[in-house]
Amino acid sequence: MTSCSTNEQVPRRPQIPEPSPVTTAIVVGGGPAGCAAAYYLKQKGLSDVTIIENSEVGGCARTRSYQGIPYEFGPQIMFTDKEHLRKIFETWLTQHKPPSPDGEYHYVVSVEGTIDDVHDFPITVKNILKLPNPEQAIWELYQIDPDKPDYTNFERYAVSRVGQTLYETYIKNYNRKAWQMDPREMDTDWVNFRPLTLKRVNSRFSGQWQGHPGDYNPMWRAMTQGVKVERGKARFDDELRCYINGSPLKADVMVSTIPISEELEFINTCLVFVAVKCDHFCMPACFTTFPNTYDFVRILEYKQQFFVESETSLLSFDFPWRRQCPLDKFVEEALWFCRNILKREPVEHWVDNRERIYPLATRKNLQLFQHKLEQTRHSNVIPIGRAGMHAYCSKDTAIRMGLETAQHLEELIHPEKKVNRLLEMRKDLH
Ligand SMILES: Cc1cc2nc3c(=O)[nH]c(=O)nc-3n(C[C@H](O)[C@H](O)[C@H](O)COP(=O)(O)OP(=O)(O)OC[C@H]3O[C@@H](n4cnc5c(N)ncnc54)[C@H](O)[C@@H]3O)c2cc1C
């Protein structure tokens, strides 16, 4: 007969300490991700939420105005296929639909660097007919197995989706310029969320709710009501401690929308804004990409995108750069384009040059990011947003991450659940 003594020591499973209740949060960076995180954390009942912002809330998505033409550094277009994100936009913003007959944005690509014979962007079946050797492109498309994209690297992926000819014509040099490196060195991290295929019509956000609010600022103002905003440049050290002007920052949680490692590499972007004399539009579409010929990758015509009546049109030229920014060369090229290709006289120009904008998706960076993410498990840092998650995403995704930070806060402070939840939040990027 076995006896069971009450004094017997039964080995216990180690207890994971219950996370302490969160009342204070510091959000580093007041862009879309940071504003949304601050707003929803406040809504959740946190008593003290502070944003540390280097410049102005809104980040890349802060709207300015030039002679009645709204413009930003970043998200010109508001789009989403998610009902709950659409509701967030509609709470504070008015949607102006794209000024095209079907209410959708249609972009174009200039292969030769002029505006006379532009092709569809994203590439459509019609593009093939414009090529010098359409038979070759059709033959290559015929060889493709659509169910088996090649994820080895970005170049292999693109060729496996659209064939060598279309890749060489439209994609190769564009990506070389945009990422300042050979597409073979690029990981396919972000293409997992963007199936690069030949389209029938050139609508980029087909089927999605899309438009422009004219002014994004009411959303940033509303989201930061009741939130302290402190001006300053924060940085994280190797142990994920956050400092501002050498002093440590302390809160129950630290939401970081800035990179969690100084070593993570990004591409910098210099936008050259040029106002030209023009009472209508001067570009073939509100958004034209240039894979070849120039240092800039695209031109956006704000007036056309938003349809404002004025005697000038405002263009932005997007110049990616990596190590050093040849500012004078960029400005000269933008002005040359206006005078010689558009045949329009620049009235005014200015430059907005920002560092660490597009996360560079190389294996090295992605491995470092994974490692840093694992390190957050035992810290109070919650990385979100484009830089925090080292993910090429649009503004609605950044806002979604801010919202989910509050919705899943309990998991995000739980050492065993945190990384899985962060990886869940990094899914479905666009
Ligand atoms: C040229 C361009 C065009 C784009 N077009 C679109 C588009 O059409 N539609 C769309 O949806 N998205 C677009 N995007 C993407 C969109 O801008 C980003 O997805 C979005 O801004 C990301 O939000 P975020 O909060 O993660 O980062 P950010 O907007 O970059 O905000 C980060 C904030 O942190 C602050 N900050 C940085 N470092 C520090 C520091 N050390 N200390 C304190 N504060 C700091 C910055 O000042 C900034 O306010 C575009 C981006 C660019 C650059």
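This is a predicted model: local features need pLDDT of at least 70, side-chain atom pairs count only at pLDDT 80 or more; totals for chains, interfaces and linings use all residues.
Local features require pLDDT of at least 70 and side-chain atom pairs count only at pLDDT 80 or more, while totals for chains, interfaces and linings use all residues. Residues are numbered from 1 along each chain as its sequence is written.

The chain is divided into domain 1 (24-61 + 216-264 + 361-425), domain 2 (64-101 + 266-359) and domain 3 (123-201), with bounds taken from an automatic or database domain assignment. The C-alpha centres of domain 2 and domain 3 are 25 Å apart. Eight residues of domain 2 are in contact with seven residues of domain 3, contact being defined as C-beta atoms, placed from the backbone, within 7 Å. On the side of domain 2 that touches domain 3, five residues are nonpolar, two polar and one charged. Here Ala, Val, Leu, Ile, Met, Phe, Trp, Tyr, Cys and Pro count as nonpolar, Asp, Glu, Lys and Arg as charged, and the others, Gly among them, as polar.

Around the ligand there are 35 residues, of which Gly29, Gly31, Gly59, Gly74 and Gly385 come nearest; a residue is near if its C-beta atom, placed from the backbone, lies within 6 Å. By class, this shell has 15 nonpolar, 13 polar and seven charged residues. Domain 1 and domain 2 each supply at least three residues to the shell.

Conventions
Two residues are in contact if their C-beta atoms, placed from the backbone, lie within 7 Å.
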